Amino acid sequence: MRFVHASDLHVDSPLLGLARYPGAPVDLLRQATRRALSNLVRLCEEEDVQLLLLAGDLFDGEWRDYNTGLFFAAEMARLKRAGVRVITIRGNHDAMSQISKHLTLPDNVIELSHRSPETRILAELGLAVHGQSYAHRVQTEDLSQHYPDPVSGYLNIGLLHTSVNGRPGHEDYAPCRLESLIAKGYDYWALGHVHQREVLHERPWVVFSGNLQGRHMRELGPKGATLVTYDAGQISSVESRILDVARWEICEVTLSSETDTEQALDTVTRCLEEQIERAGQRPMIVRVVLLGHTALHATFTRDPEQWEASVRARASELENIWIESVRIETSGTLDAQALGARGDALGQLARRLTTLKQDPAALGALGRQFDELRQKLPNEIRQGATGLRLEDPAELSLLLAEVEQLLLSQLLASGELE
Amino acid sequence: MRLGRLELLAFGHFKGNVLDFAARREQEPGAVVPGFDLVYGDNEAGKSTALRAIRALMYGVPIQTTDAFLHAHADLRLAGDWIAEDGSRLYLVRRKGKKNTLLDAAGNPVDEAVWQRRLGGADETLFAAMFGLNHDTLRHGAQSLLAGEGKAGESLFGASMGSPAVRRVLAELVKKADDLYTPKSRSKRINQELLELKRIKANVQEESVSPSAFRDQEQALLEERARGTRLLATRKALRTEQAQIEHHLRLLPLVAQRAQYLAERAQLGVIADLPHDSEQRRLRAERARHEAEQNLRHEQAEIERVTARLARLDFDRDLLHIDSESLDGLNLGLGQHRKAQIDLPKREGELKLLQADADRLLLQLGNPVSFDRVHELRITDNDQARLKRLAKEKTQFETKLVDASGKLKKAESALQLRRKELEHEPEVPDVEPLALAIARAGRLVGVDETAQTQRQRLLELEHRAASLRARMTGFEGAWQDVARLPVPGFEAIARFEQAQVVLQREQDEAVHLQGRAQEQLIDTERALEELEGEHEVPTEAQLRQLRSERDRTLEQALSSPEPTTNDRARESVRGADAYADRMFAEVHRVTRRAALVAERTAARERLRLSAERREQLATERAAQAADWQRLWAACRVEPASPREMIEWLRYYAEVVQIAAEREALLKQVQDAETQVAASFDELSSQLGAIGESPRQLWEQRLAQLAMRAEAARVQLSSRRQKRLDLQRGLDVEVHRAEELQHELQELKETERVWRGEWQKALKSIGLEKDAGPDEVLSVLERSNELFHKLKEMEVMQGRILGMRRDSERLDATVKRLLPASLGRYRERPLEEACEALIREARRARANAEESERLASEIEQRRARAGLAETEIARAESELQRLMALAKVTDLDALARAEEAAQRARNLAELIVQTEAKILALGEGATLELLIERTKDSVAQALKERSLELEPELEACDVALDQSRAQAARLEQHLESLRTGASTAAEELAAATATLRCSVREYMRLRLAHTLLNDEVERYRAAHQGPVLGRAEELFRRLTLDAYSGLKIDFDAKDQQILLCVGNDGRLVETQRLSDGTRDQLYLALRLASLKGYLEQQPPIPLVLDDILIHFDDARARAALLVLAEFAREVQVLFFTHHRRVRELAERSLPPELLRVHELGQRPLGAMPEREVSVHVQ
């Protein structure tokens, strides 16, 4: 017998941080979260599973589009036709969702209550599933402590949306301790909320399946669901299955002996080709990070936009690849630290830039020149994992590192002998 | 660190060449100054290559180099011998490669980091910016001063880092940022992206759809689809009826047509069985018969005509035996014969003339012999050549003899003249000692000038020391005594200052605390007074007292039966309760009072502690003051505060430094003055020796005396040179006279030898021995002419004989070939007979050929006549056959029968086709059934019904199209509802990301601009003083005092700008300076910044590439002197291809500093170094 554990579908949540440019494979990435959900349904059909467990965050809370729900309902109907039952709970994003109020899901889908923990016994499958939905977006109470005791004679599964005892990058909702989950006596904890797949414990199994589809540069690598096989009340295997339709990756390119930009572009292209090969023909969204000690550093920093456009133009010759951004982290023949030792005006400038990076107050003062612009910018610019925070000294400090290279390389570009 | 030797082992076009910068300085004793190395080279000498080599040696050969055209990349090698300040040496080799390119003498890799430390951390960019300057960067820097309108910060900043790019970088940053965003624009990128984002957000809102809206759309689509289905059914019924009507309308004309064809066939009756091509066959046979008859008639006529012509042809067959080759020979012989008839008399006349000439020449030779023996008179070629040579030699040596005699006479008279001139020129004393004294003085002129400058400097130092000493309050001694003062150390004073600051801070704090405690006490007491002033505040003490009273009276009441006691007890209990109740009621006042009391107590305690602390601090300060006095007691100085004494100590340090500097300077000045005085004495002595007056009072400076001595030396040298020239002229004349006499003797000897040989030659040809060359040459000429004439006669006789023989041979041939028919020509002249023979032979050949051709033609025409007769018979036979088939006897009847048969065949075909069309429309029904169906149909009625159906169908189609369009719209809308919102959200995410990128780029550019601008101003504020001070002095010197200084002032925009101060005090903006002066201003700023750098970092060579090409001579000289001063601290490698600059340097710079190296074609190492001489101006 088999069931699939998935979570954090975030259907119709757009991919973030992708600036459009000529040659970008726009259509390939369109509606990636919907297509990932279709892949999940296909997995259930092909693997002949009997139950699909969804551990919360099926939709983004702010979403008010009925079609998102219709699409989800259609996919669930496919599962019904395949004889697959579905048990879901609401996560912090779903708690606010307006969609399901008007949505009629097929009768193979069961949503567990948000008022108290609920147990569903699927006698024909030999399973007892326990769980509770979020009533509100912010759930600070440990829900698992009120979950019922395991039902004897069944394989007991706990369905829970939680960060356990905290995970970086995720709100600390429904906090609980791993030890208490293990002590509960369930056979499998199907967890949601954390987007990175992680097996916290084996026998009993405590598993974050991760999200179905990466949506921005902080959700790197393969994404998918967990396929669980059990027999006679015992779990025999727990396997990860990749279901994402587009992959987010960071391509680190180390430059050294390249003497002109064409050679550098060749090196970048080779690195991208390797990434594409690893991703197995799946469309990729790549951040290119240039590293290494190269004489081309000054060329890159003098006009990074131009350089980024060149990389994107090269990438558009490859198939299925979208350049999210090009980060220049090379070091040139210029070493700001070494330049700071100089006794001339450039040395003074280099020293000033170095100290400024560690002076939040001064950075804040520098950032105030953007007050007028900040007022004109919509909230979307600042929000989210890829948001730009103009007043944040940390952000300004990062920006300053680029400014440092820009200024020093430009000032040193002239005054050469001969 | 300086470069002692540059070895160009394999670099550019160099191979194993060496530039030695060290040799001379090492020979000098004592401290070695880095020095001024001037490298001179013409164009193409390799100056630029040498410049690149120095940089490559220090920092590596670039990956892409232009210096590998002779040597392979892997073979490029450079080496340098580096000399540190302490005299230690480091030999390094640089090869081209990616790593381990720096090697030691043994070829082992050297760590680049270690080498960089030896260079004081100066990386390649710093070296290029700070220590490398060429005329382009100098002019570029000066242009940037112009472009920057003299903005003080940018000028100083740019000059400091050696890059004039500051202004450009600032301008570019602003432009790029403004291209991205300006607050009020709508067209800039970020402004546009903001508008776009707003539009997309609105779109997202529009695209979001509610459940009810979605369902309404779905229902509307279903209804529209049902309406469409109904319309389709109606249209189908109408089209069926229309199709049936059209079917009948197509069938009716076909049935009528078939009936008509059948009737016509019946009218034709029985038809003859003719083949279908009968008509074509008949026509073909008739045409063939006609053509054949015409051909036959034509050929018969032609045969008659040709036969007649053949009969007319007549010719002699014997003439046909003469072939064409013989005929051509006869023709040629006839032409030669005719020409010989004309030429023969002329040739015989010429022969006679030749004979007459030969007779005349024989007579002229004067020795007449018969023609048979005339060969005895021939002179051999050898004899002729010898006679001609001897005759020519006689003329030559006779001319030379005359010429030599004339020259000898002239030389002897010139010799006499020179001797007389020399006797009149007096003796001149030797000027060499004076020249040596002048040369030594010349080398000391610079020393004298320096000593004078140093004297001035000494005065300045003493003045400065006295000025500083005046600022050292509390000290009464002279500035010379300052150095001996046992002053305390800087650290000790700093410690005192620190302790004093701490004590002062604590004192201030104690006073502050005391004040605050006092204020709090006053505030607390005032609050208590206000609290208690309202009405009494119940206290715990009072309550305790009342309760004690209550207990006591209660005790008394219990033990005493008196009612009064009970009343008192009751009263007491009531009073205590009431007081407690009041406390409870006024609990906040109670607690407030308790808090205030506690606060007052605390304030009093703090007040006491503060007072104690102040007393303690006063004691510590007194002790500290005493220690302070003790510290300075040994110096007999009344000390001010530590802070002031730190400043005092700075004055002290400066005075000590000045004293040390003055001491060193004084020693230098004294040494210099001693040398100069010795030179004065030597020059005076030498002047006396040549009779000039010794040193005059007005000659204060060595240069003045040296100049007078030089004038005297020049005058003496001129006189001495004149005498030398005269003596040299005399010697030349004597030598010349001797040479001429010798030449005359040689010529006479040659004449004697010639005469003997001449007589021998005359004898061999039989002439008298006194015959002259002209006579001999005349005999030779006539003899040669005689033999030439004889040769011509021989040739002429041969030609005459040949002509006569050819005529005889032709005559015999003609007579042999003439046939009997031409027998009459045998007696005619040769020419006439030959012509007749040729003409008749040719005519006979032509007639024979024509006869053959006509016979052949007759045969061909007879054959063609036979063919025509056969063709006529065949055509007749075909026509008879066709008439038999048609059963007729003439050709007209045959034609009519053919026409009837063809029509019958056509009608049968038409009937079959019509029936096929009817069956095709019948959808399987038989022909008979279909014809039956149309029996009752009326075409007109059917047409009318068809016209009625058209509008009905059109209306139905329009309605159906409308329904389909509506359904499509609804479906499309529904589809857009399915994906529209998510697509819009994706667009929003993309637009957000794009805007984020743009904003980030804008911030990067703006931040860069703000920071650079701030730093430029900060640099100006911090370095304006020292850099400007140094630059001011350099600028004054570089402009030869045309400008006295530099000043920072504000322009109309309140920006600080750099102004130049003219020697008359006027202020000049940098834009108004001439190009050359602006170059000098930028050079002054650069050198001033370099000076600042060298105060903090060890020196590396300053490499200058022809920076003076835009300077006039005077300013170039001033610049060279300024650079020479730098050369005392840092090695100056000055490259130039201007000889003038080199000469200026050689004339102006101190010899102990300057060293000139010349780049040329020869290996540098093999080139002798030029000695540098100093000329007195």
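Visitor: Which residue of chain B does Arg352(A) form a salt bridge with?
Guide: Arg352(A) pairs with Glu1015(B), and the closest N and O atoms sit 3.0 Å apart. Keep in mind that this is a predicted model.

Visitor: And which helices do the two residues sit in?
Guide: Arg352(A) is in helix α11 of chain A, while Glu1015(B) is in helix α25 of chain B, residues 939-1038. The pair crosses between chains.

Visitor: Why would side chains like that pair up at all?
Guide: Side chains of opposite charge can pair when their charged atoms come close.

Visitor: How many salt bridges does the rule find across the interface of chain A and chain B?
Guide: Three salt bridges turn up across that interface. One of the salt bridges in the model is between Glu402(A) and Arg1000(B), with 2.9 Å between the closest N and O atoms.

Visitor: How many over all chains?
Guide: A search of the whole structure gives 111 salt bridges.

Visitor: OK, back to the interface. What about polar contacts there, how many residue pairs?
Guide: Nine residue pairs are in polar contact across the interface of chain A and chain B, counting pairs with both residues at pLDDT 80 or more.

Visitor: Which helix of chain A gives the most to the side that touches chain B?
Guide: That's α15(A), which supplies 12 residues. Several helices of chain A supply at least two residues each, among them α3 (66-81), α9 (304-315), α11 (345-357) and α15 (393-412).

Visitor: What's the make-up of that side by class?
Guide: On the side of chain A that touches chain B there are 36 nonpolar, 16 polar and 18 charged residues.

Visitor: And in total, how many residues are in contact, and what area is buried?
Guide: 70 residues of chain A are in contact with 83 residues of chain B. The buried area between the two chains is about 6800 Å², and carbon and sulfur atoms give 61% of it.

Visitor: Switching to sheets. What's the strand order in the six-strand open sheet of chain A?
Guide: The order is β5-β6-β7-β8-β10-β9, with mixed pairing.

Visitor: Which strands stand at the edges?
Guide: β5 (118-122) and β9 (198-201) of chain A do; each has a single partner strand, so one side of each is left without a neighbour in the sheet. Neighbouring strands here are turned by 20 degrees against each other on average, direction ignored.

Visitor: How does β5(A) run against β6(A)?
Guide: β5(A) and β6(A), residues 127-131, run antiparallel and are joined by five bridges. Leu122(A) stands opposite Leu127(A) in β6(A).

Visitor: What does β3(A) pair with?
Guide: β2 (residues 51-54) and β3 (residues 85-88) of chain A run parallel, with four bridges joining them. β3(A) also pairs in the parallel sense with β4 (residues 109-111) of chain A, over three bridges.

Visitor: Who stands opposite Ile87(A)?
Guide: Leu53(A) stands opposite Ile87(A), and in β4(A) the bridge partner of Ile87(A) is Ile110(A).

Visitor: Last topic, chain B. What's the order of its five-strand open sheet?
Guide: The order is β2-β1-β4-β5-β6 of chain B, and the pairing is antiparallel. β2 (14-20) and β6 (102-103) of chain B are the edge strands, each pairing on one side only.

Visitor: How many bridges hold β5(B) and β6(B)?
Guide: Two bridges, in the antiparallel sense, between β5 (residues 89-95) and β6 of chain B. Arg94(B) stands opposite Leu102(B) in β6(B).

Visitor: Which helix lies across those strands?
Guide: Helix α2 (residues 47-59) of chain B lies across β1, β2, β4, β5 and β6 of chain B, running at about 105 degrees to β1(B).

Conventions
Residues are numbered from 1 along each chain as its sequence is written. Chains are lettered from A and ligands numbered from 1 in the order in which they are written. Side-chain values use heavy atoms; hydrogens and water are left out. Contact means heavy atoms within 4.5 Å. Buried area is the accessible area (1.4 Å probe) that two parts lose on being put together, summed over both. A salt bridge is a side-chain nitrogen of Lys or Arg within 4 Å of a carboxyl oxygen of Asp or Glu. A polar contact is a pair of N or O atoms within 3.5 Å; within protein, one must be able to donate a hydrogen and the other to accept it, and residues adjacent in sequence count only if both atoms are side-chain atoms. Ala, Val, Leu, Ile, Met, Phe, Trp, Tyr, Cys and Pro count as nonpolar, Asp, Glu, Lys and Arg as charged, and the others, Gly among them, as polar. Two strands pair if DSSP finds at least two bridges between them. Axes are lines fitted to C-alpha atoms, for helices over the stretch in contact, and angles run from 0 to 180 degrees between N-to-C directions.
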